[in-house]
Each structure stands twice: as C-alpha cells, then as structure tokens.
Amino acid sequence: MIEIDKITRLYNGVPAVDAVTMTIETGTVTVIVGTSGSGKTTLLRMINRLEEPSSGEVRINGESTLTIKPHILRRRIGYAIQGHGLFPHHTVARNIGAVPELLNWSADKISARVDELLTLFSMEPETFRNRYPGELSGGQQQRVGVARALASRPDLLLMDEPFGALDPVIRTRAQDDLRRIQKQLGSTIILVTHDMEEAIRLADRVAVMDSGQLVQHGTPAEIITRPATEFVADMVGRVERPLRLLSLVPVSELVEEGVAEGEALPVEASLRDALSACLWTGRAAVPVEQDGVLVGRVTFEAIRARARARAHP
Amino acid sequence: MRIGTFLRPALTLLLLALVLRPVWFTPLFAPFASAGGPVIYERASLLSLSISHLGLVAAASAAATLVAVTLAILVTRPAGAAFLPLSRTITNMGQTFPPVAVLALAVPALGFGAGPTLVALFLYGLLPIFENAIVALSTLPPATMEAARGIGLNRWQQLVRVELPLALPVTLTGIRLSVVIALGTATLGSTVAARTLGEVIIAGLLTNNTAFVLQGGLIVGLFAVLIYDALVQLETRLVRRTGG
Amino acid sequence: MNAKGSAGALSAPGILFAVLGLAAMLAPFMTLAANRIVAGDAIVAWRLAEPGVTLPGLLSLAAGLALGLLAAWPRIRMAGAALGLAGLFWLLMAGTPNLLAGAGEYARVSPAAGFWCLLAVFILLMSDALGNLAPGPLARAALLIAALAALTLVLWSGALSDLSIMQEYAGRKPAFIDAFVRHLGLAFGSLAIAGVIGFPLGILCHSRAQLRGAILPVLSFLQTIPSLAMFGLMIPILGWVGETVPGAQSIGIAGIGFAPAFLALVFYSLLPVVGNTVAGLSAAPPAAIEAARGMGMTQRQRLLRVELPLGLPVILTGVRIVLVQNIGLAVIAGLIGGGGFGTFVFQGLNQTATDLILLGALPTVMLALVAAIAMDILVDLVRTTPEATA
C-alpha cells in the first residue's frame, strides 16, 4: 500500500502540488490525469524523490520514504518515462539489467531475468539481447524501457507519459501489453498522462489533478458519471461520456440467448465495440463468440438500457 | 554582462592610452626595462603600427570572407555538390596547418614584407569562414526551405532572402574565429618584416627588454579581446533578431 | 567528354585535379642554386634528366591524374594517387644527382612550386577517394602506418639525402633531434598538464552552472590573446617567479626558455579541454540522464556509467584540437629560446635560408597532420554507439 500524505511542493512560494493525499492499493493501476502544469508529473517525481516534497510524506507499506536514501529508494521503485531514456551506448540486455547491476545481482541471475523480461514483452531474446537501442523501432524501445523499469521486481512502478512518443496504433498495443503484464505480475503501477482515453483504458483508479490539487480520485466509472468539478467533466468530455462508460463494460455482461446476423464479436470486447458494430452495419443485434464458439448475442436495445442505467444509477 | 558594462569602456580607454600616450606608462614599465635601455618603444609610432596591423587584418579578412562565402554558396548548390566532400577534407586538413608554418612557408614563395603576411592571413582566414558557411547553408531548417519554395521564390530569391540571412549568425562565428586568428598571425608577421604591432614584442625579445614585450603584448592582447568581444556582441544581437 | 563515357562517369573533383595537375607539371619542378642563400634556376620536370629517366615519372604522374577521373571506382582513384606520388618521388630522386653533377661544391637542389603543387593535388586526390571509400578506423590506422613507413623508407634509403633540405638536416642532426624532442615535450607536456587541470575542472563545471558561467568566458578570452603576446607576457611573470620563489630557478623556471613557452601552451589548452569536457558530459540525452537518476544511480555512477562513456568522443575531440594547436604554437617557442622546430624556422627567416625554414616548418606540419589523423581514428574507435540512435 502506498500512502501519499498531505504532500506539497512549492516553487518560489507557489504550490505546484498542494497538499495531495491519496492511498494506492497494492496490485492496482492508478492513473494520474491532468493538463500540462497541473502538477501531475511533480507529484509522481516526489514518490521516488526526484523532487523533494516541501512538506508531507509518502509511505510505502507503512515506511516513510524520507527515511531511505534517495538513490536506495529509487532502486526499489521502477521508473519509465516518455522517450524511453535508454542508454544509447549499452545493449538492450545491459539496459534492462541496469538496476539489477546496481543491486549487485550475479551475472547469471541478471541474464536470466533479462531473457525472462524480453520474452514477457514478446521480444525474442536471441535476436534482441545484443542490439543497441538505436537499432530498435520506437515501439521496441518503449517496451525495453518498461522492461528495464520492471527488472528488479520493484514494489512499485512509476510511469511518466510512457506512451507519449508512440503513434496511435503502437500506443494501443503498448497499453494492452501493459495491462496484460500488470495482471500477470500483479504489479502496483502509478502512471501519469494527459490523455483521459488512456486513463480510462488502463486504470483501476483515476486521479484527476488541476492546478496542483487532487480534484477527484475514484474508479473510471465514478469519474465519468459523477465528475466532482467542471474541470473533470471537461477532461472526460461531455460528448464522449456515454461511450467511455460503455467501454468499461465487457460484452459478456449483456450476452443473451438467441441468434443474430453478421460477424461475431469476442466476449472480451466492450459494449462500445458492440454499439459501434450495430451502428456501422445497421443491425439490431450482434452475435457473440467465445474461443470461436457462438455463445449468444447482444442487442442494441440492451446496450441502450445499460447505458442509461449506468449514466443515472 | 554586468562586469562587461564597466570593464568594456575601461579596457577601451586603457588601450587608447597605451597606443596614443605611451609615455604615461613609463613608471609602470620602467622596472622591466633592460638596464639603461629605453622603456617606451619609440622606433615607430604605435598608432601607425596599430593602423597597419588592423589594416592587414581587415583587408585579409574581408577578402577571405568574400571568397569563402562565395565558395560555400557554390558547393552547397546542386551543381557544386560533387565538391562538397572535397571542401570538407580541405578545410579539415588545412586547419591542421599551423598559422606560423603557413606564414613561414609563404616567405620562400613571396619574399619578405606585408605580401606574404597578407597571403598567409587570407589563406588561413578562408578556412573557418568556409567551414562555418558550409555548415550554416547545409543545415537550414527544412521546413523553412520548403516554405520558401512553396511560396514561389526562385533559386536566387531563396538564396538572398532566406538562406543567407539565416546562415548569417553561424557564418559570423566563422568570421570571428578567422579575425582572431588573423590578429594573432599578423602579430607574427613582424618576423617576416611586415609592419605590425608584433614588431614591439620582437624588438623586446631581441634586445632582452621585457618592457617592450609587455607593452606590445598588452596592446595586441587588448585589441584582440575587444574586437572578439565586439564581434560576439554583434552575433548575439543577430541571433536574437533571427530567433535562432 | 568522349565517345565511351558521358561526363557523369567522370569525377568532378577528378577533373579539377587533372587540370591543376597538368598545369603544375608545366611549372618548375626543382631549383638548382649555387649555394644555400641565393635564388636558384628553375627547372621543369622533363629537363631534370635524360628523357629515358624522366619519362616513367612523367607517365606515372599523367596516369595517376587520369585514374583519378574515374568517379565510380574509388579504389582505382586511390591507386592513381599512389602512382602519382611514386612518380613525384621518382622524379625527385632521378633529378637530384643529375642536376648536382658538376654544379659545384656548394650547389643546392630543392623541390620547387611544381613539385609542391603536384604533391598537394595527389594528397587531395587520395583523401577525396578515401572519403568515398569511407574506411573504418582500423583500416585508416593501417593506411596511416603504411604511409609513414613508406616515407621513412624513402628518407632512410638516402635517395633524397642530396636534396638541400636534407643537407640542412645532415649538418644539424643532433640539433634536429633535440628540437624534435623539445617540440614533442612542449606539445604533449602542456597537453598533459592541461588535462590534469582541465579535466577535473570540466567535470566540476558540468555539475555547477555558476562555476561554468565564471570560468568558460575567462578561458575563451585567454584563447583570444595572440600567441606572440601570450608568450611574451609569460616572460615577466615567470621571470618574477624565477627570481622570488626559492628553488624555482634550479628546476628551470626563468623568464625565457622552455618554462614561459610551456605555460603559455597550457593556458591555450585549457579552453578546448574544459569546454569539450563540459560539452561532452552534457551530450547524453536528457531522457537517459533522467532515467539514470530515476533508477537510483548516484551522481558518481551517472558520471562513470552514462555521461563519460557518451561524452568521450567529444572530450577526445577537445584533445585533438589541443594537440594540433599546440604542435603549431610550439613553433613560437623558438622566438623566446624555448626550443623546438621554431628554432629552425626563425633562424631560417633571419638568414633568409629557405631550406632551413622548411626544415622547421615541414616536420611541424607533418606532426600536426599525423596527430590530427591519429586522433580522428581514436575518436572513431571510442564512438561505441551505433549512429542510428534517436
């Protein structure tokens, strides 16, 4: 459990982060969203003490980070940033093994861990181990950056706009990968972004920052349906609201007996995907399949009813 | 900057006094003079030496600028592109030639006097200007060049209205380097009988009169520092204007 | 140009070299003088000796220039340059004894404008072809060693020892070796001291912006001071030190001689060393530094594992600048009794003895060129990162 307790950072007397208090459960993904200058990055950087808080403290599993030397603390916390920050003069293997190297792991243990992580990120270790960052594509560089952050099995992974430099197609894949790997490893992640779409896609909890203050902290559904301020409502976007809500619900929740025409959707797809399929082909229902076997259908009417129920519970 | 605001006029005044009223400094230099020897250099007026020195530098630098920028424009056009790698090689190799050696080697070819000095200053001065002008002209922002073509400027208009103004600050840095080297090399020119301020220093070295060495060294040093500073100021102003 | 190939198949610089080379072949190739001071008679290449002797040389010059035209085959152009250089030395070796025969005891022969221009043309042709081949650092090192070995062989063989400049050398062998050692001592010694001071200073400046703001402008003003003035100004300073500090004179610190020259060179070296160290250390991508901090590297670990390895090429480039600059500036030490090749240059200027000037200037130029090429190779060797890095 990470407890952020009335943490404040002043620049020339002006608060960039103003008495933010927030608790983060182990094994969850928290996404901090805000516009530029909202203090979201400063808040993140105070967790691994790249910025020193002016007052307040952060506790990890009850232990105040202020009692630990900053560089020792940072070795326990993974950190991935926009533009990956890989060392251009080190191979992929040496980049991923950087923190284990700082922690004096044995060479065998490091190389086993490197191969394990490369496999986890669907990169063939034989092929990629000895390449230099300059020889990788943008998406591969970014994956190596995240693998490096995870290398020492940190208690906590901090990510600052990790997908900001990627094009939209690669970004969606990287987000899916992150979600998959997080579930597999059960990591605790705090991620900063300015993109509400990304926040809703990845987060268990969304924290919205505005002018240095935490204006709302809750589940994606809460953020969409009960925005605490006008600012949060603007961030969510009034037009996109219902669609974002539907994107949180998997088709499996609304599957009913029956048949429908046309191409089937997998059960993991969201209601937004189902709605889109209905609208695009003019169908009133879409068939649903699981592992290639038809399991029923989802109807346009059911989607409409669910959207209304979720918007006005 | 703050130090500069009062240091600059102070040094300028000191330099003027050293050149125009050398006698004022007799007490200062006297302890360094050889026993019974003269304290202040009087074989030639320091003003005329200064003018001759700066004149050599100005003439050589102006000619070098003209030729180097023209050549740089030529090799950065599509027609001259075949010469671009060669030009880079020549500037790289040429700059490893020590200025003193260039000066000394000009003597067998041209004899003594201002001639070899001028040629050495000119040849050596070409290189930094040429190098910087090539860099400036071949690394212009592609978007700006695209826009210049897009709004319908012809090649000549692109060169005169866009490329040259944008290349100016970097080219000017080359000119500054070139002028500084020329000032130093011109000082050495007095070893091949050109009339420059180096004469005062050489006279001091030959007669073991440290007072002369100090006097000449101070004047030449001050000229160099002040001219360098003035050119830096000019560049800063230009960069600010072009937003580079 | 001709029926077989369009002008596109010919190298544009090659055409320039051919034109310049042919013009230079018409210029005087050597001079014959009655003694070492008077001006000599100019002799063109085909009059150096019997036609049977000069013809192979002239033909290989022409063939070298012709091969230099072939844009598509840089290796052949290289071979052309080598052939041309061989032809030049052939003519020199053939002409020298022939001209001296019966010309009197004090007669001197020297290469003249034609030789020097052709030498420049063929060296440029070689570097142009090399530029197209773009060989790796090790191949370039092998080439440099081969070229130096060839030159040593020619000089060692004694085939050129009747040339005027070699006679100047023969008369001053111990002095030449002394000057050589002094010159290297001035150039490399001042570099070493500047490195010991400047490198830590650069690291300090890197981490403290205030220090950087104070030191770099001072150093660049020092760099601006004309060399003769700088050398001169060292004289009273060191003279004072020599007289007032006990024991200073016994270790050679005095107003004139080696010490002021050495100190002046150290001052000139500081800016490139400190400036390039600062520039090199800040060459690491900001995101990589941020990541290094974020993963818990201490300041020392960041310096040793990230900033230094990434900045090494830039730092070594600073060393290259210093080395080439100091080899040149060390000539001026000859004016204040500091020794080195400058001694010959200034003696030669005083006596208007061209060959003595060359005896000082040519080794200096050679030394500077070799140092520059060797340092370029070294810089390429330490550049471990693939160029494609984003």
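This tour visits strands in chain A, a helix pair in chain B, and the contact of chain C with chain A.

The model is predicted, so local features need pLDDT of at least 70 and side-chain atom pairs count only at pLDDT 80 or more, while totals for chains, interfaces and linings use all residues. Residues are numbered from 1 along each chain as its sequence is written, and chains are lettered from A and ligands numbered from 1 in the order in which they are written.

Select residues 2-11 and 55-60 of chain A, which are strand 1 and strand 4, an antiparallel pair with five bridges; strands (E, at least two residues) and helices (H or I, at least four) are DSSP runs numbered from the N terminus, and two strands pair if DSSP finds at least two bridges between them. Within this pair, Ile4(A) has Val58(A) as its bridge partner.

Next, in chain B, select helix 3 (residues 46-75) and helix 8 (residues 155-189), whose axes come within 9 Å and cross at roughly 145 degrees; axes are lines fitted to C-alpha atoms over the stretch in contact, with angles from 0 to 180 degrees between N-to-C directions.

Finally, show chains C and A, where the contact takes 20 residues from chain C and 22 residues from chain A, counting residues whose C-beta atoms, placed from the backbone, lie within 7 Å. On the chain C side, helix 11 gives the most, with six residues.

Notes:
Two residues are in contact if their C-beta atoms, placed from the backbone, lie within 7 Å.
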